[in-house]
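Keep the sequence and the 3D view open while reading.

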Amino acid sequence: MKSAKHALVVGGGVIGLTSAFQLARHGWRVTLFDPRPGGGATWAAAGMIAPSAEIGAGEAANYGLQSGALDAWRGFANDLRKVTQKELSIVEIGTLLLGWDGSDRRMVEQFAQIAADLGVVPRRVSLDEEPGMFDGVSPRISDGLLVEGDAWLDPDQVVAYVSEANEALGVSIVKEVVVSVGGDGTRVEATTPSDSFVGDIGVIATGAGALPTGAVTSGKHVVRPIHGITVRVRGIDRSAQPMIRSFVRGSTVYMVSRPGGYDVLGASSEERHEAGAQVGEVQRLLRDALDVVPALETAVILETREGNRPASDDLRPFFEVLGDGRWSWSSGHFRHGVTLAPIAANEALRFAERVA
Ligand SMILES: Cc1cc2nc3c(=O)[nH]c(=O)nc-3n(C[C@H](O)[C@H](O)[C@H](O)COP(=O)(O)OP(=O)(O)OC[C@H]3O[C@@H](n4cnc5c(N)ncnc54)[C@H](O)[C@@H]3O)c2cc1C
């Protein structure tokens, strides 16, 4: 009988939290380990579940996976509502893709070609015809592409609601780091600095963090951290308008505007291990955002958040069954972990049910 089985979930970012939820909802007893649930890359994420406007050359396979994400989130929100009676807000408002200078605009055109190959046909929009869409945008940008159907949600809300649901479903939270994992083929074991825990299966979802000692991988996947920041400001309320994504001097900057004028500006992307938002990193992000949206000039900076995106060698997510088959590793979600979380959670459940 499924309900007697016990799952250990190591890591309480968006992947671990949603996996714990799916397992608990399907009758598993779940223990989740994290010294600071929701405090990893998930904390920094803007919450775009917007695969279309981010399509790049050579990303067809990733796009295929991501394009199912919105439906997966709708289903997840439904399941969450049944437990918490709370409505996860998924805002399906599209992305306005812009280019700052001539070569950035050529990048917008290149995007249009790549997107068309994948069946995504953005609509051309102009300041003259739809001025409201360009609210706050620099007058030197007079046209762009509207990628309809792209969506966003608030990762803080996801963490809060899923944590509440997990509590209601009886998930035990151990606010400690797992230092080692093991097992004997019939059960799994996780050891924290103060205790040891035994279960039937285990899911390791430590993001870009190191694996606990004893996790035996195939060596096929290696995860490296790609550092990034978002800056949160109280500025203009563009929440009725599409998210903005713009090429600026060859880089990209985005703005997700939430009701009330809470804007998330993102995101830097740097291969480095040192923690901390650097002055230059913040300066470049704000400079690019201000160039595209000068109306942010008087916005008030609320906070800067940072995190490490978990990137695999081929930048694709993976779900690897480890060692003796009872531990698994769910990672590599890179810049799409929020987008892909309900899909990863379903995978964790399928794994658990297969092994049980
Ligand atoms: C600036 C920025 C913006 C982003 N924007 C978006 C976006 O708009 N949309 C999107 O889809 N994605 C976005 N991402 C990517 C997304 O945040 C990540 O892909 C996602 O958070 C990965 O989730 P995770 O649960 O695997 O890792 P994390 O969120 O990093 O969580 C891992 C957790 O594991 C815990 N942990 C680590 N080691 C151990 C251990 N040994 N024992 C116990 N616990 C442990 C950590 O404390 C942490 O809480 C963004 C990322 C960044 C940095």
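Predicted model: local features only at pLDDT ≥ 70, side-chain atom pairs only at ≥ 80, totals over all residues.

Asp-135 is partly exposed, with a relative accessible area of 41%. Here buried means under 20% relative accessible area, exposed over 50%, and partly exposed in between, using a 1.4 Å probe and protein chains only. Asp-135 sits in the loop between strand S6 (123-126) and strand S7 (143-147). Helices (H or I, at least four residues) and strands (E, at least two) are DSSP runs, numbered from the N terminus.

Residues are numbered from 1 along each chain as its sequence is written, and side-chain values use heavy atoms, with hydrogens and water left out.

## The chain as a whole

The chain has eight helices and 20 strands. Its C-alpha atoms fill a box of roughly 65 × 40 × 40 Å along the principal axes. The radius of gyration is 21 Å, which agrees with the value near 21 Å for a compact globule of 356 residues. That radius is taken over C-alpha atoms, and the globule rule is 2.2 Å times the number of residues to the power 0.38. Of the 356 residues, 53% count as buried.

## The ligand and its shell

How many residues surround the ligand? The shell holds 38 residues, and the closest are Asp-34, Thr-42, Met-48, Phe-334 and Thr-339.

| Residue with the polar backbone atom | Distance to a ligand oxygen atom |
|---|---|
| Ile-15 | 3.1 Å |
| Ala-41 | 2.9 Å |
| Gly-47 | 3.1 Å |

Taken alone, the ligand exposes 1000 Å², and the protein buries 93% of that. These areas come from the Shrake-Rupley method with a 1.4 Å probe; for residues, only the protein chains shown count as cover.

Which elements give two or more residues to the shell? They are helix H1 (14-25), helix H2 (41-44), strand S14 (224-234), strand S18 (300-311) and helix H8 (337-355). By class, the shell has 18 nonpolar, 15 polar and five charged residues. Ala, Val, Leu, Ile, Met, Phe, Trp, Tyr, Cys and Pro count as nonpolar, Asp, Glu, Lys and Arg as charged, and the others, Gly among them, as polar. Domain 1 (2-87 + 154-223 + 313-355) and domain 2 (95-148 + 224-310) each give at least three residues to the shell. The domain bounds come from an automatic or database assignment.

## Backbone details

Phe-334, one of the closest residues to the ligand, lies in the loop between strand S20 (327-331) and H8. Its phi is positive, about 50 degrees, although Phe-334 is not a glycine. Is Phe-334 buried or exposed? Phe-334 counts as buried because its relative accessibility is 15%.

Leu-315 also has a positive phi, near 60 degrees, and is a residue other than glycine. Leu-315 lies in the loop between S18 and S19. At 31% relative accessibility, Leu-315 counts as partly exposed.

Asp-313 is in the loop between S18 and strand S19 (318-322). Asp-313 is exposed, with a relative accessible area of 60%. Its C-alpha atom is 33 Å from that of Arg-25, a residue 288 positions away along the chain.

A cis peptide bond joins Gly-266 and Ala-267, with omega about -15 degrees. Ala-267 lies in the loop between strand S17 (262-266) and helix H7 (279-292).

## Two more positions

Leu-23 belongs to helix H1. Leu-23 is buried, with a relative accessible area of 0%. Leu-23 and Asn-166 are 143 residues apart in sequence and 9.8 Å apart in space, C-alpha to C-alpha.

Arg-123 is in strand S6. Arg-123 is partly exposed, at 33% relative accessible area. From Arg-123 to Ala-60, the C-alpha distance is 21 Å, and the two are 63 residues apart in sequence.

Methods. Near = heavy atom within 4 Å. Polar contact = N/O pair within 3.5 Å; in protein donor to acceptor, adjacent residues only side chain to side chain.
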